[in-house]
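The following paragraphs lead the reader through a structure, beginning with the order of its elements and continuing to individual residues.

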Amino acid sequence: MRTLHLAHGLLVLAAGFSLFVLGGCVQPPQRPAWRYLQRPVVRVAILPSSNQTAQVGAPLIIDKLWEEHLRAAGFTVVNADSVVTYLSSRGVPVAKLGTIQPAQLGSDLHADYLLEDDILVWGTKYRVLVGGAVVSCRSKLIEASTGATIWASDWIMQQQSDSGGNGLAGALVNALVESVVDSMFDESTQLAKQGVTVQSMFQPYPGIAPPMASAP
Amino acid sequence: MKPRHAGLAYAVAGLGLLVTLAGCVTPAKFSPAPYSVDPNRPYRLSSNRTVTVCPAFDRLTEEARAQLSPAFNSAAYLTDAVQKELTAAGIAQNPASFAYSPGFAGVQKALQDGALGRDGGVVLAEAINHFPNDRILSCDFKLYSGQGKLLFEKRCLCMGYSSEGGWNFVPHMVMQQLFADPDFQKAIQ
């Protein structure tokens with residue numbers, strides 16, 4: 001009986017070890033998205049999204065999605081909750097976040113870049129028989145030390161569905177954030193390799209609004 | 001005019017109109033207006049040293065260059081932008097003239113040989129990497145001492161797909177990434 005227990009224990013140990021080894025094997029390769037930015041670690045602080053819609057939960061979803069996807073792309077992330085905690089410690093309401101200089105925020109949060117989001121539309125639109133989800137946002141990545149914008153985009157995604165609902169809106173945003181972060185990674189890697197070529201970030205992603213500003 | 005000739009005239013006129021319209025819808029090549037300094041730029045720059053500004057190096061790919069108007073000189077655009085920002089900051093400049101291969105290696109060689117930087121100031125060299133339209137601009141900047149020591153380097157990039165800001169938004173952001181950088185401000189002192 002004791003031998004059986006021992007064998008069982010060894011079996012569990014072996015299985016655990018195998019899982020550990022396999023886990024190591026299937027780990028995604030480190031994606032050097034920071035190379036283009038010429039820094040060993042790129043730290044991005046996700047500022048709590050500002051919300052222009054009636055959907056109270058929208059900022060939570062967007063902030064969390066950015067966090068997950070940026071982490072997966074190899075960035076070090078200061079999440080929106082930490083930013084809120086930092087603001088509370090300074091006695092600054094979240095709505096007054098814009099009164100703090102980017103350099104100050106970057107220094108206090110130990111972040112190289114700040115990600116800002118302004119949610120413009122989030123919800124369901126109905127047309128006669130079918131409805132659809134629509135999400136629109138203005139996103140911006142700011143270099144903390146200079147306050148200069150590195151990347152900015154006004155984007156809108158919509159999808160027609162007979163089920164509609166905000167769950168679909170969340171899925172849409174997930175798809176969008178994933179594609180945007182992937183494209184940032186692809187762009188930066190390409191830049192790192194070639195040093196010269198950047199393609200339009202959003203060309204391969206239909207559904208994202210075309211640029212709205214116009215040249216003179 | 002006979003009715004038969006009138007029909008022919010209408011056909012020719014219609015064809016002419018079609019050709020004209022086709023000409024109008026040909027995609028225009030990108031050619032921005034000359035750079036203008038943002039009067040509300042949020043940084044202050046000061047230096048007692050003279051800055052020698054090297055002409056920018058053109059690193060555009062053939063693919064990117066094909067999107068630009070043939071009349072537009074992207075390297076001259078970047079040099080002009082840097083000189084205008086320095087002028088607006090009241091920093092004394094020297095034009096660079098040296099017969100070395102255009103590139104950062106050429107600048108370093110010129111500095112080593114004493115062909116540049118003899119006035120005791122600093123030397124700023126810049127390269128334009130990508131500028132296919134008014135949405136994307138990528139540039140490299142390097143600041144050297146008169147003895148050829150690299151004091152500062154940075155790759156600046158802006159991708160602006162937002163309706164915020166005017167068309168000058170992207171070059172302004174690139175200039176801000178350089179001139180508002182505390183390390184650059186320290187290096188140029």
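Helices (H or I, at least four residues) and strands (E, at least two) are DSSP runs, numbered from the N terminus. The model is predicted: local features need pLDDT of at least 70 and side-chain atom pairs count only at pLDDT 80 or more, whereas totals for chains, interfaces and linings use all residues. Residues are numbered from 1 along each chain as its sequence is written, and chains are lettered from A and ligands numbered from 1 in the order in which they are written.

Of the 189 residues in chain B, 35% are buried, that is, 20 or more other C-beta atoms, placed from the backbone, lie within 10 Å of their own; 12 or fewer make a residue exposed, and counts in between make it partly exposed. Two residues are in contact if their C-beta atoms, placed from the backbone, lie within 7 Å. Among contacts in chain B between residues at least 6 apart in sequence, 66% join residues at least 24 apart.

Helix α3 of chain B covers residues 74-88; because its 15 residues at 1.5 Å a residue should span 21 Å, the 21 Å between its end C-alpha atoms agrees. The expected span is 1.5 Å times one less than the number of residues. Its buried residues include Y77(B), L78(B), V82(B) and L86(B). The buried residues of α3(B) pack against elements including β4 (122-133), β5 (136-145) and α5 (169-179) of chain B. After α3(B) comes G90(B), with a positive phi near 75°.

In chain A, T99(A) lies in the loop between α3 (80-90) and α4 (102-109). T99(A) counts as exposed because it has 9 C-beta neighbours inside 10 Å.
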